[in-house]
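Here is a walk through one protein model.

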Amino acid sequence: MSYKNDPKPEVLRIEELVINVKSGDIKLPKFQRPFVWKKENILALLDSIYNRYPIGSILLWLTKEKLASERRIGDLEINERPEEYPTNYLLDGQQRLSTLCGALYWDGVNQKSMWNISFDLDKETFLYPDGEDKFEYFPLNKLLGTFDFINQLKKFEGHDKKEKYEKNAGRLLEAIKNYKVAAVIIGNMSVNEVAPIFERINSTGRRLTMVDLMRAATWSGEFDLSNSIDTIRESLSTKNFEGVPEIEILRNISTVNGYGMNRDDINKLRNLDSKTLEESSKMCKLAYERAVDFMTRELPITSSVYLPYSLQLTFLVEFFNVCPNPTIMQREELKKWFWKVALSKYFASFNTAQITLDLKNIRDFGLNKINQLTITKPVDYKNFSSENFRLNKASSKTFGLLLAHNQPLSLLDGSRINTNKALAVVNRHEYHHIFPKAFLKSSGIKEMDTHANICLLNMGNNRTISDSRPSIYLKNLRGILGNKFTEVLDSNFINEEAYNAAISEDYNEFIKIRKQLLITKAKGLVGDRV
C-alpha cells in the first residue's frame, strides 16, 4: 500500500547536490537553526567522505510553496528560481550541506574564513592552512572547476612528489565529486504538515514556533515577517522594550488586520498579500510605540522585563490601534485595568474563549462602545501582600511596580531612589529586606521573604545597611531625616506604628501593619473600595 505523502528515496552525488543548491533547486528555509558546527566538525565530515564512511541521508521537501529562505548556504550564493518551478527545501542535513557548499565554493577573500580548507596531498588529511601556502596543500575551492583543478596540478611540475600528489588529487576529486548521498524527498504537504516532521528529526529538539511557521508561509520578496518584527523591536529599544516576545508582535499584526490572537486567527495572515502585510506591520509599529509611551509615562514601567504578563502589552497595543488618542477617562480606566490584571494574576492561565472575549472588550472600549473594562477574576489582596518575593514571579514584578509607584525615598538618607534604574532590569540588589534575613534566622523566624518585608533601595545603600538590625539602622532615622521623616516612611509603606514596631524588633506586628498599607494602596490603584 502506498500513500500520497510516501517519502521518495533518491541517490545524489555531492557534485549534483551543490549544483542544485547553486541553481536554487535546493534552498534552506529560514525556520532552520543557524550553522553551529565548529572547525573540527567540518574537517571530520570531509575526512569521512574521503574515506568513504557513511555520513547519513538528507531530507528534502519538494513544494511549490514560496517560503522564506536563506540567500546563502555556506559561502555559496543561491540563484533565484522561477516561481512556477517547485523547490526542494532542506529539512535535515543543513550542517553537512552547508559545509560542502562553504568549502567547495569559498570565495577566497577572507583567509581566516572557516571555509578556507585545504587537503594535504602528502598526509591525506584536511586542514586549515593558516596562511601557509605549501605545494602539497590543495584548496578545496579549486576542486570542482575543471580549469582550476588543472592549474593546481600544473604546480607540481618538476616536483619530486609529482606522481603522488597528482594521484591523491585525483582520488580527492573522485571522492568528493562522486560520493553518493541518500536524499529522501517528501511532497504534497503543507508547511503545517511538514513542521512536525522537521521537529521530529531535528537533532536539537527545537520546536518550530508559530513565528517560524508564519515567517515561512508569508514570506515574499516584498515582505519578511522577521524583518517587520525586528523593526518594531528596534523602534522600542530607546524605552527598553526591545525584548517584547516575537509571538506577541505576531499576535498584534493579526489583530491589526481585524483577526484574533489565537492560532487559527494568526493562520489567516497567510491569505493576505505582501502589501497588506507590510502596511499592517507599519500600523502595528505605531500602535506599539503609543502603547509603550503610555506605559512608560503613566505607569512605573521602564522595561519590558518588568511586565508581569506580556499579554498586558499585547492588549494595550490593540487598544491604541483602534484608539490612537484616548480621552483622560479612558487612560485612567486603562491604568486600573493594568493593575487589576496584574494583581489578580488574570493572565497566569488563559484559554481561547477568554482571549477572544477580552479582545472584543478592549476593542469595544477603544471604540467607545463600553465605558469600563471588566475583569471578572477578583484580587486576593491578602495573598498578594503575603507572598514570598521572587524576581521571576509575575506577582513579585507587580509588587516591585507597586513600590515604584509610591516614588520611594531611601530609608538610609532620604534621597530619591532611581526607580528607572531599579526596574530597568530584574536586579535583586535593588531590593532590601527591612528586617534582614540574618536577624530573622537568628530569631527563629522562617517567613522572611514575604512581600511585606521588602522595600526598594539603591545598591549602595543596600550594601551600607547590609545585615544591620532595624533597631540600629532605623532608630536614628528621625534625627537624620528631620522634617522629611514622615515623607520617607510613607514612601516605603511604613507609618508611625510600623516604624515603632520595627525599632522594637516586633517583626510580626510590623508585617501585619505594612501588609494593610500595601493592600490599601493596591485597592486604590485598582479602584476597589478601601
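The protein has 24 helices and 12 strands. Helices here are DSSP runs of H or I with at least four residues, strands are runs of E with at least two, and both are numbered from the N terminus. The radius of gyration is 32 Å, well over the 24 Å that the globule rule gives for 530 residues, so the protein is more spread out than a compact globule. That radius is taken over C-alpha atoms, and the rule is 2.2 Å times the number of residues to the power 0.38. The C-alpha trace spans about 100 × 55 × 45 Å along its principal axes.

This is a predicted model: local features need pLDDT of at least 70, side-chain atom pairs count only at pLDDT 80 or more, and totals for chains, interfaces and linings use all residues. Residues are numbered from 1 along each chain as its sequence is written, and side-chain values use heavy atoms, with hydrogens and water left out.

Now look at burial. Of the 530 residues, 51% count as buried. Buried means under 20% relative accessible area, exposed means over 50%, and partly exposed lies in between (1.4 Å probe, protein chains only). Contacts are heavy atoms within 4.5 Å. Among contacts with a separation of 6 or more, 74% join residues 24 or more positions apart.

Next, the aromatic rings. The count comes to 22 aromatic pairs. Rings of Phe, Tyr and Trp (its six-membered ring) pair if their centres lie within 6.5 Å; planes under 30 degrees apart are stacked, over 60 edge-to-face, and the rest tilted. One of the pairs is F389 with F399, edge-to-face at 6.1 Å centre to centre and 70 degrees between the planes. F389 sits in the loop between α15 (381-386) and α16 (394-405) and F399 in helix α16, so the pair ties together parts 10 residues apart in sequence. F389 and F399 are both buried.

F435 and Y507 also pair edge-to-face, at 5.1 Å and 65 degrees. F435 lies in the loop between β11 (431-433) and α18 (437-442), and Y507 in helix α24 (residues 507-526), so this pair links parts 72 residues apart in sequence. Both residues, F435 and Y507, are buried. Elsewhere, F315, W337, Y346, F347 and F350 form one aromatic cluster.

Finally, the backbone. Most residues other than glycine have a negative phi. D130 has a positive phi, near 50 degrees. D130 lies in the loop between β8 (125-127) and β9 (137-139) and is exposed, at 66% relative accessibility. F493 has a positive phi of about 60 degrees. F493 lies in the loop between α22 (485-491) and α23 (496-503), but is buried, with a relative accessible area of 6%.
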